[in-house]
Every structure is written in C-alpha cells, then in structure tokens.
Amino acid sequence: MSKRFKALLEKVDAEKQYSVNDAVATVKGLASAKFDETVELSLNLNVDPRHADQMIRGSVVLPNGTGKTVRVAVMAKGTKMDEATAAGADIVGNDDLVEAIQAGNIDFDVLIATPDTMGLVGKIGRILGPKGLMPNPKLGSVSENIKEAVTNAKSGQVEIRNDKDGNIGVSIGKKSFHDDQLLKNFYAILDALEKEKSNNTLKGDLIKNTFVTSSMGVSYKVKLGKSI
C-alpha cells in the first residue's frame, strides 16, 4: 500500500454514510493521481444472480457522457454500411470484419450489428463474449437504427449489468467533470435501475449498498435519498 493511499484512507470515516453531493465532492477533491481519474459508482444489489429473473441488465446513455473516447465498429450490409459511416462509426464491415476479429484485430470498444448480420456475429461469438463485446438487442447494440445506435455509443452509453456476486460497477465521468455533471450521470444510473426493477420479480429494495470512488482513490459509502 503506497503512502499516498494510506494518507487517503486516514481521511475516510469508514462508519460514515456520505450524501451523494458530499461523496462526489470528496472523491474529486482527493483524487490526487497525475492523470484525469475516472469516477466510479459501485452498487451492491439485493439479487440472487443464480436466478435469471433477478438478473439486472440494461443500458443508459449518460447525459454528460463518460469522458472517454469510444471506438465503434459496425457489422452491416448494403446501405446500412453507408449509414454507419455517416453516423461516425470508426470501423464498418461484414465478412472482412469477421476475418479481422478472428485474426485478433479488435481495435474497438463497442460492436454494433444489424439483425441480418447476426449469423456472421455468431461465428465470432466465442471471441466477443469473454471480452464483453457481443452485440445484444437489450443493450441497443443489435439494431436497424444504426444512426441512433452509433450516436448513443459515442455519446456515453454504459451497460448496467450485475456480476456473479450481485454487484454493478460503472463509470460516471472524470475528475475534471463539474460536480453537477457527475451528479446527473449518477442519478441517470439510479433511474435506469428503478426501471429495471419494475421489469422483474424483485421485491423490497434493489440496492443494498452504494459507493463512489475514483480510479486511484478510496471508496465512500453513499446514503441515497430514496429507496430503489
């Protein structure tokens, strides 16, 4: 443990639950790395991941983006390829894109596919799946509306998905963001979770614990203003 990290720990009250505003301001104020640290939201959910009807999986376009540059690849055919290029996709292809991915050339962060190319995508599912790059209709990455899908991906769309322990971790921006920008992104995630809860069989509160941290910082426990 570095001296810098030990010093940060001394400034954290492990028993305290911070308001959302205080947590965001404190995380930003104590982010001392020499780069623009990412601000992360971590959530411990009241779900049993062994049951499919309790899995949380969706996406949300953060109103202020994530602060990251996202490279988007599109698997399409015919005029949809032109639409993808016009929308700002970094890579557009079909058979040639499959061959590139099979060769290990994965120079993108998001893969979007039109429904008629899912047969091609299936050929590389074993490569895409473990990397979290498999297109999914629920996440908006399988779509006929290529312009919207590319725009969303470029604008800060993030996936909300619990892991095998019922936890979710998602970026809500950068240290350089204004507090208000981070707060709006924070609440956009909560709104999305509230909608996800209404779509499954969960009873009681969905969120058990909430934490905010930065890339090289410590976690601050957050007290939410409402139950979800």
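Helix α2 passes helix α8 in a right-handed crossing. This is a predicted model, in which local features need pLDDT of at least 70, side-chain atom pairs count only at pLDDT 80 or more, and totals for chains, interfaces and linings use all residues. Residues are numbered from 1 along each chain as its sequence is written, and side-chain values use heavy atoms, with hydrogens and water left out.

Q: Why are α2 and α8 called oblique to each other?
A: Their axes (lines fitted to C-alpha atoms over the stretch in contact, with angles from 0 to 180 degrees between N-to-C directions) cross at roughly 125 degrees and come within 10 Å. Angles under 35 degrees count as roughly parallel, over 145 as roughly antiparallel, 65 to 115 as roughly perpendicular and the rest as oblique. The pair α2 and α8 is therefore oblique.

Q: Which residues make the contact between α2 and α8?
A: V20, N21, V24, A25 and K28 of α2 meet D179, L182, L183, F186 and Y187 of α8. Contact here means heavy atoms within 4.5 Å.

Q: How do you know that L139 counts as buried?
A: Buried means under 20% relative accessible area, exposed over 50%, and partly exposed in between (1.4 Å probe, protein chains only). L139 has 9% relative accessibility, so it counts as buried. This residue lies in the loop between α6 (125-128) and α7 (146-155). Not counting residues up to four places away in sequence, L139 touches R57, G58, S59, Q157 and E159. The C-alpha atoms of L139 and G58 are 5.6 Å apart, though 81 residues separate them along the chain.

Q: What makes β1 mostly covered?
A: Six of the eight residues of β1 are buried.

Q: How do you know that β1 and β8 pair?
A: Two strands pair if DSSP finds at least two bridges between them. Strand β1 (residues 38-45) and strand β8 (residues 207-214) have seven bridges, in the antiparallel sense. Across this pair, E40 stands opposite T213, and V39 stands opposite S214. β1 also pairs with β7 in the antiparallel sense over seven bridges, and there L43 has I168 as its bridge partner.

Q: What is the order of the four strands in the open sheet?
A: The order is β7-β1-β8-β9, with antiparallel pairing. β7 (167-174) and β9 (220-221) are the edge strands, each pairing on one side only. Helix α8 (residues 179-198) packs on this sheet and touches β1, β7 and β8.

Q: Why do β4 and β5 stand at the edges?
A: In the open sheet β4-β3-β5, with parallel pairing, β4 (91-93) and β5 (110-113) each have a single partner strand, so one side of each is left without a neighbour in the sheet. The twist averages 15 degrees from one strand to the next.

Q: What is in the largest nonpolar core?
A: A nonpolar core is a set of buried Ala, Val, Leu, Ile, Met, Phe, Trp, Tyr and Cys residues joined through side-chain atoms within 4.5 Å. The largest has 35 residues, and I56, I189, L193 and L206 have the most contacts inside it. α8 gives the largest share of this core, eight residues.

Methods. Helix = DSSP H or I, 4+ residues; strand = E, 2+ residues; numbered from the N terminus. Left-handed = near helix turned anticlockwise from the far one by under 90°.
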